Amino acid sequence: MRERDDDCETAMVRSRLALHKPRASGLILAGTGAFLAFGLSGCATGPNAPGHAEFRTPLPIPPLAESHLDVKGRRVFDLETRSGSREFRPGVRTPTWGINGNHLGPTLRMTRGDRVLIRLRNALTEATTMHWHGMELPAEMDGSPHQLVEPGEVWSPTWSVDQPAATLWYHPHPHGATEHHLYTGLAGFILVDDSQAETLSIPSTYGVDDIPLLVQDVAFDDNGALVRRKPWYNQVGPLGRTILVNGALTPFLEVTRDRIRLRLLNASIARVYNFGLSDDREFDLVATDGGLLAEPHRTRRIQLSPGERAEIVIAVQPGDRVALRSFPQELRSDFANNRFSGGRDTFELMELRARDVLEPSPPVPNRLASIPDPEPEEAERTRHVRVSSRTINGRAMDMARVDARIAAGTVEIWEVEGIAVPHNLHIHGVRFRVLDVDGVAPGPELAGWKDTVYLDPDVVTRLLIRFPHHVSPDVPYMFHCHFLRHEDDGAMGQYLVVPGE
Ligand code: C2O
Ligand code: CU
């Protein structure tokens with residue numbers, strides 16, 4: 001069960017060091033060759049290496065969380081964070097954390113117009129929080145570092161769901177420890193439904209042709225415990241070479257209908273995935289972070305950085321066996337950083353196995369949702385946000401400092417720039433639009449509602465953001481890099497929503 005997750009990287013660094021030894025030109029050539037070979041091909045080791053994956057486990061589908069209506073008509077969910085263990089590989093038990101179970105959490109399903117109440121009990125031995133990523137709600141209910149839940153305590157946020165149908169998610173957010181809490185297993189989906197999306201003929205039977213996929217990379221030590229390794233030359237954060245889908249290693253899914261919708265969530269610390277299918281077939285991208293696109297986008301790849309989501313619809317033929325794969329990514333970083341950020345890696349994630357006879361489902365409609373054109377003229381001001389690995393605008397996160405005071409309901413343009421290496425930006429409490437990237441209007445994959453966006457290093461990404469209406473005099477919302485090592489190290493800021501004039 002031994003597995004060295006960093007073998008390729010170590011070999012690569014050795015070959016780079018060899019470049020500086022002037023002794024034998026043969027060595028220099030060999031080193032250069034190895035450098036180019038590793039740099040161009042990426043690593044092909046581990047259980048998810050193409051050609052090695054075995055697809056033996058049925059894909060686990062997170063259960064739908066039970067809920068009931070209370071006397072005030074609120075939909076009540078009971079959640080408990082606790083410790084447990086899971087057998088990721090046969091015969092090895094790994095200590096984990098989970099929500100209402102040993103590892104990961106149930107799917108919370110809610111409809112626009114619902115009033116929800118969550119009763120979160122923390123049965124861990126350390127304080128945590130629970131953040132509803134992508135949810136538009138008052139800052140007090142957001143589960144940010146300011147809403148710590150001590151061991152044994154219950155936290156009961158409540159809000160009204162008022163946003164379009166979307167794939168959201170939840171995870172802890174304790175300051176400085178988000179990476180640890182999420183990595184150990186605290187994460188789950190939130191599916192928001194609305195009456196408009198319900199009338200669309202896209203696959204929507206949960207667990208049958210509408211499948212949530214939570215993707216995380218992990219690494220284990222010799223005892224099977226989860227570990228996070230970040231070699232010094234890696235600037236993005238720990239990367240594992242074992243990829244879990246809903247907590248399972250290379251699972252398979254039996255497909256019974258001729259179209260299937262996958263809700264992809266990158267719940268990794270630092271790894272970016274470029275999703276596609278092993279036979280390179282096309283699929284329809286139908287939704288991004290904040291909801292449905294105006295129309296489906298036919299493509300072969302969808303790249304997601306940590307925290308981002310996408311929904312795709314794939315057409316399958318009877319008897320098909322096709323793998324969901326992560327291909328080399330477009331990080332747009334320099335050669336070495338691209339390589340050391342996992343940018344050249346390819347992984348087999350899971351297999352779709354179609355039955356020999358499939359139930360028919362209608363094609364994806366040409367119109368999905370009405371999304372207003374972004375109107376930059378509405379913006380009342382422009383703000384510059386520079387994201388580094390430990391700071392935003394040169395300042396590390398300070399729980400006691402507010403970085404921006406923004407009038408309720410106003411619109412701003414944020415000019416965001418990630419410095420030198422891969423970063424992204426997630427803004428709490430809002431859904432935003434991408435105006436342009438380095439002056440160029442975004443492609444279809446960034447044309448819909450977003451709450452997290454990858455930042456091409458050293459270029460400006462402009463966002464158009466309408467801020468929340470809910471005023472909180474002293475509870476801020478967060479904005480931060482969702483590469484969790486960066487977030488924990490200080491690449492996070494706080495904005496306060498103040499009354500307008
Ligand atoms: Cu998904 Cu502030 O986090
Ligand atoms: Cu970052």
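Student: Which residue in β17 is the bridge partner of D210?
Tutor: The bridge partner of D210 in β17 is R261. This is a predicted model, in which local features need pLDDT of at least 70, side-chain atom pairs count only at pLDDT 80 or more, and totals for chains, interfaces and linings use all residues. Residues are numbered from 1 along each chain as its sequence is written, chains are lettered from A and ligands numbered from 1 in the order in which they are written, and side-chain values use heavy atoms, with hydrogens and water left out.

Student: How many bridges join β12 to β17, and do they run parallel or antiparallel?
Tutor: Strand β12 (residues 210-220) and β17 run parallel and are joined by 6 bridges. Two strands count as paired if DSSP finds at least two bridges between them. Strands are DSSP runs of E with at least two residues, helices are runs of H or I with at least four, and both are numbered from the N terminus.

Student: And what about β17 with β22?
Tutor: Those two run antiparallel, with 7 bridges between β17 and strand β22 (residues 309-315). L262 stands opposite I312 in β22.

Student: How many residues of β17 are buried?
Tutor: In β17 (residues 259-266), 8 of its 8 residues are buried. Buried means under 20% relative accessible area, exposed over 50%, and partly exposed in between, with a 1.4 Å probe and protein chains only. One side carries R259, R261, R263 and L265, the other I260, L262, L264 and N266.

Student: Switching to the metal. What coordinates the copper ion (ligand 2)?
Tutor: H423 through ND1, C481 through SG and H486 through ND1, at 2.0 to 2.1 Å. Donors are N, O and S atoms within 2.8 Å of the metal (3.2 Å for Na, K and Ca); water is not among the atoms, so sites may look incomplete.

Student: How are the donor residues spaced in sequence?
Tutor: The pattern is H-x57-C-x4-H. H423 lies in strand β28 (423-427) and C481 in the loop between β32 (477-480) and α6 (484-489), so the pair ties together parts that are 58 residues apart in sequence.

Student: Is H423 buried or exposed?
Tutor: H423 is buried, with a relative accessible area of 0%. C481 is buried too, also at 0%.

Student: Last one. What is the strand order in the open sheet with mixed pairing?
Tutor: The order of its 4 strands is β5-β11-β10-β7. β5 (108-111) and β7 (131-133) stand at the edges with a single partner strand each, so one side of each is left without a neighbour in the sheet.
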